[in-house]
Amino acid sequence: MRGAARAAGGRAGQLWPRPPAPGPGPPPPLLLLLLGALLGGAGAQYSSDRCSWKGSGLTHEAHRKEVEQVYLRCSAGSVEWMYPTGALIVNVRPNTFPPSRRHLTLCIKPLRDSSGANIYLEKTGELQLLVRDGDRGPRQVHCFGFEQRGLFVEATPQQDISRRTTGFQYELTSWHAESDLRAQSAPCRPCSDTEVLLAVCTSDFVVRGSIQDVTHEPEQQESAIHLHVNRLYRQKSTVFRPAPEGGGWRGHVTTLLECGVRPGRGEFLFTGHIHFGEAHLGCAPRFKDFQRMYRDAEEKGLNPCEMGTE
């Protein structure tokens with residue numbers, strides 16, 4: 001990590017090429033056009049838009065400066081770095097969120113088979129390792145408070161950089177303090193009445209249905225809960241699709257393997273958040289229990305939002 005810090009700070013004097021020595025007057029227009037065509041061909045190994053960046057450590061630009069700055073202006077996208085050499089500083093500065101960003105969460109998910117670099121979280125010169133090169137563990141999602149932080153991606157020494165690509169997807173979302181606190185401190189604990197009622201209002205998906213099957217993925221330390229949905233109250237993106245046989249929807253949600261989820265009879269209310277196109281389970285009370293919670297809160301005027309319970 002100290003080596004990474006030196007790359008970002010100690011060698012700062014080497015980041016940019018020296019200005020050219022004074023020479024003769026400006027070249028003729030034809031020469032400028034030829035020069036532009038040549039440079040355009042050299043830089044064609046990378047592409048960037050406001051949401052995603054894809055580049056190569058073999059580009060002419062990457063050889064001229066050890067650390068390259070990447071700026072992303074969207075709330076979701078990806079970074080893909082082929083043949084990584086040197087380092088990247090990735091700055092997520094979206095234009096779609098209000099100036100007050102204290103309650104925003106930035107999440108990253110390493111690409112499958114990502115290799116060739118370490119990924120650090122950087123803030124005011126401090127580096128925190130998020131993803132180590134060669135880590136073949138579960139495809140975990142790493143989330144942290146936005147707070148104008150940057151990501152420092154440092155290539156690791158390789159004898160052969162061919163077939164090496166490092167990268168990640170990113171998402172910037174609003175921060176839900178209560179649900180995030182529960183997910184981090186006790187992800188398998190049943191939700192309290194207050195947590196259920198809040199989840200109904202703030203979740204990316206809210207559905208009523210039953211469990212058809214549960215499959216386990218030990219390598220990913222995840223369980224997939226396959227659902228038949230009778231009523232679809234909300235879904236931020238299409239993770240539940242109409243059932244082929246008609247009558248309702250089908251889809252699956254994931255949770256931690258350690259929670260030991262098993263198939264159960266009856267109807268449940270499933271809530272949760274969607275990260276990178278995958279639905280992650282939040283609160284899931286039995287539907288009759290949710291109806292009781294909702295009625296009790298409604299009588300006391302404590303419902304955070306309104307929802308049909310039939």
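User: Tyrosine 120 and phenylalanine 152: buried or exposed?
Analyst: Tyrosine 120 is buried in this predicted model, and phenylalanine 152 is buried as well. Buried means under 20% relative accessible area, exposed means over 50%, and partly exposed lies in between, with a 1.4 Å probe and protein chains only.

User: What sort of model is this, and how are residues numbered?
Analyst: The model is predicted, so local features need pLDDT of at least 70 and side-chain atom pairs count only at pLDDT 80 or more, while totals for chains, interfaces and linings use all residues. Residues are numbered from 1 along each chain as its sequence is written, and side-chain values use heavy atoms, with hydrogens and water left out.

User: How many aromatic pairs are there?
Analyst: The count is 5 aromatic pairs. Rings of Phe, Tyr and Trp (its six-membered ring) pair if their centres lie within 6.5 Å; planes under 30 degrees apart count as stacked, over 60 as edge-to-face, and the rest as tilted. The ring centres of tyrosine 120 and phenylalanine 152 are 6.3 Å apart with the planes at 50°, so this pair is tilted.

User: Where in the chain do those two residues sit?
Analyst: Tyrosine 120 belongs to strand β7 and phenylalanine 152 to strand β10, so to speak of the pair is to speak of a link between distant parts of the chain, 32 residues apart. Helices (H or I, at least four residues) and strands (E, at least two) are DSSP runs, numbered from the N terminus.

User: How do β7 and β10 run, and how many bridges join them?
Analyst: Strand β7 (residues 117-123) and strand β10 (residues 150-155) run antiparallel and are joined by 6 bridges. Two strands pair if DSSP finds at least two bridges between them. Alanine 117 has alanine 155 in β10 as its bridge partner.

User: Which sheet do they belong to, and what stands at the edges?
Analyst: Both strands are in an open sheet of 5 strands with mixed pairing, in the order β3-β5-β10-β7-β8. The edges are β3 (67-72) and β8 (126-131); each has a single partner strand, so one side of each is left without a neighbour in the sheet.

User: Going back to aromatics, what about phenylalanine 268 and phenylalanine 270?
Analyst: Phenylalanine 268 and phenylalanine 270 form a tilted aromatic pair, 5.8 Å centre to centre with 40° between the planes. Phenylalanine 268 counts as buried at 11% relative accessibility, and phenylalanine 270 is buried at 2%.

User: Which rings form a cluster?
Analyst: Phe287, Phe290 and Tyr294 are linked into a cluster by ring pairs. The charged end of arginine 208 sits over the ring of phenylalanine 287, 4.0 Å from its centre. A charge sits over a ring if NZ of Lys or CZ of Arg is within 6 Å of the ring centre and within 35 degrees of the ring normal.

User: Why is strand β11 described as largely enclosed?
Analyst: In strand β11 (residues 165-174), 7 of the 10 residues are buried, so the strand is largely enclosed by the rest of the structure.

User: Which strands pair with β11?
Analyst: Strand β4 (residues 76-82) pairs with β11 in the antiparallel sense over 7 bridges, with valine 79 opposite phenylalanine 168. Strand β6 (residues 104-110) is also antiparallel to β11 and joined to it by 7 bridges. There, threonine 105 stands opposite threonine 173.

User: New topic: what does threonine 254 touch?
Analyst: Leaving out residues up to four places away in sequence, threonine 254 touches Glu222, Ser223, Ala279, His280 and Leu281. Contact means heavy atoms within 4.5 Å. Threonine 254 lies in strand β15 (residues 249-256) and is buried, with a relative accessible area of 9%.

User: What is the phi of aspartate 113, and of phenylalanine 276?
Analyst: Phi of aspartate 113 is near 65°, and phi of phenylalanine 276 is near 55°. Most residues other than glycine have a negative phi. Aspartate 113 lies in the loop between β6 and β7 and counts as exposed at 60% relative accessibility. Phenylalanine 276, in the loop between β16 (268-275) and β17 (278-281), counts as buried at 12%.

User: And how many helices and strands does the chain have?
Analyst: The protein chain has 6 helices and 17 strands. Of its 310 residues, 37% are buried.
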